[in-house]
Amino acid sequence: MIRRPPRSTLFPYTTLFRSKKINLNKKFYLLLIPILISIIVFLFPHSWQDSLVLKFSNLNLWSWFTYIFVHESLKHLIFNMGAYLVSITFAYFLLEKEHRGFFVWIILTSLFVIPLFIFIITILARNFGWFTSQLTNHRGFSGIVASSIGIFSYVLSRKIQRKIS
């Protein structure tokens, strides 16, 4: 009788995304706070939302952070929050348990660092005349989504690299 090797050696990538137990802990729920804040801000009256937008004509101290939670339309909100949720969820569960706390710290830190970085770049670009006069304000979660997709890509590549070697 011919013995067949275990399935995982025939198809090594089939076990790549398999998880023995899904355990949602408090750290994962922290990652959902930006989604909740964005939904709440979306339900604000438009006059309140306008005060949170990063306006190039009237820069203020709080708008460097609040503009990421303001969205132009429901479609804008859904696409940003969906991409963020998918990327952080996959990245979170691909990580080993001992690295998940650091991952949550990285994502939450990016919520403060990336908007501040974009704010500074915006001011510099505006002062050098790189923006046209039609660009009047900035809103949305796209920078955070891009960073979460980048972090997911890094986590996925590390997972594949560890499985191969």
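1. Packing of helix H8. In this predicted model, the buried residues of H8 pack against H6 and H7. Those buried residues are Ile144, Val145, Ser147, Ser148, Ile151, Phe152, Val155 and Lys159.

2. Length of H8. The helix has 23 residues, and the distance from its first C-alpha to its last is 33 Å. That is close to the 33 Å expected at 1.5 Å a residue.

3. The nonpolar core. The largest nonpolar core holds 31 residues. Leu31, Ile68, Tyr84, Phe103, Ile107, Phe141 and Ile144 are the members that touch the most other members. Two or more residues each come from helix H3 (33-42), H6, helix H7 (97-127) and helix H8 (142-164). H6 gives the largest share, seven residues. As background, nonpolar side chains in soluble globular proteins tend to be buried together.

4. Phenylalanine 103. This residue is one of the core members with the most contacts to other members. Apart from neighbours within four places in sequence, Phe103 is in contact with Leu31, Ile88, Ala91, Tyr92, Leu95 and Ile151. Phe103 also belongs to an aromatic cluster, together with Phe28, Tyr29, Tyr92 and Phe93.

5. Aromatic pairs. The count for the model is 12 aromatic pairs. One of them joins Phe28 and Tyr92, whose ring centres are 5.0 Å apart with 50 degrees between the planes. Phe28 lies in helix H2 (residues 26-30) and Tyr92 in helix H6 (residues 74-94), so the pair ties together parts that are 64 residues apart in sequence.

6. Phe93, at 25%, counts as partly exposed. Tyr92 has a charged neighbour as well: Arg100 lies over the face of its ring, 4.8 Å from the ring centre.

7. Proline 115. This proline is placed in helix H7 and is buried, with a relative accessible area of 0%. Leaving out neighbours within four places in sequence, Pro115 is in contact with Trp64, Phe65, Tyr67, Ile68, Ser110 and Ile144. Between Pro115 and Phe141 the C-alpha distance is 9.1 Å, with 26 residues of separation in sequence.

8. The chain as a whole. The secondary structure comes to eight helices and two strands, in the order α-α-α-α-β-α-α-α-β-α from the N terminus. The chain has 165 residues, of which 32% count as buried. Among contacts with a separation of 6 or more, 80% are between residues 24 or more positions apart.

Notes
Residues are numbered from 1 along each chain as its sequence is written. This is a predicted model: local features need pLDDT of at least 70, side-chain atom pairs count only at pLDDT 80 or more; totals for chains, interfaces and linings use all residues. Side-chain values use heavy atoms; hydrogens and water are left out. Rings of Phe, Tyr and Trp (its six-membered ring) pair if their centres lie within 6.5 Å; planes under 30 degrees apart count as stacked, over 60 as edge-to-face and the rest as tilted. Helices (H or I, at least four residues) and strands (E, at least two) are DSSP runs, numbered from the N terminus. Buried means under 20% relative accessible area, exposed over 50%, partly exposed in between (1.4 Å probe, protein chains only). A charge sits over a ring if NZ of Lys or CZ of Arg is within 6 Å of the ring centre and within 35 degrees of the ring normal. A nonpolar core is a set of buried Ala, Val, Leu, Ile, Met, Phe, Trp, Tyr and Cys residues joined through side-chain atoms within 4.5 Å. Contact means heavy atoms within 4.5 Å. The expected span of a helix is 1.5 Å times one less than its number of residues.
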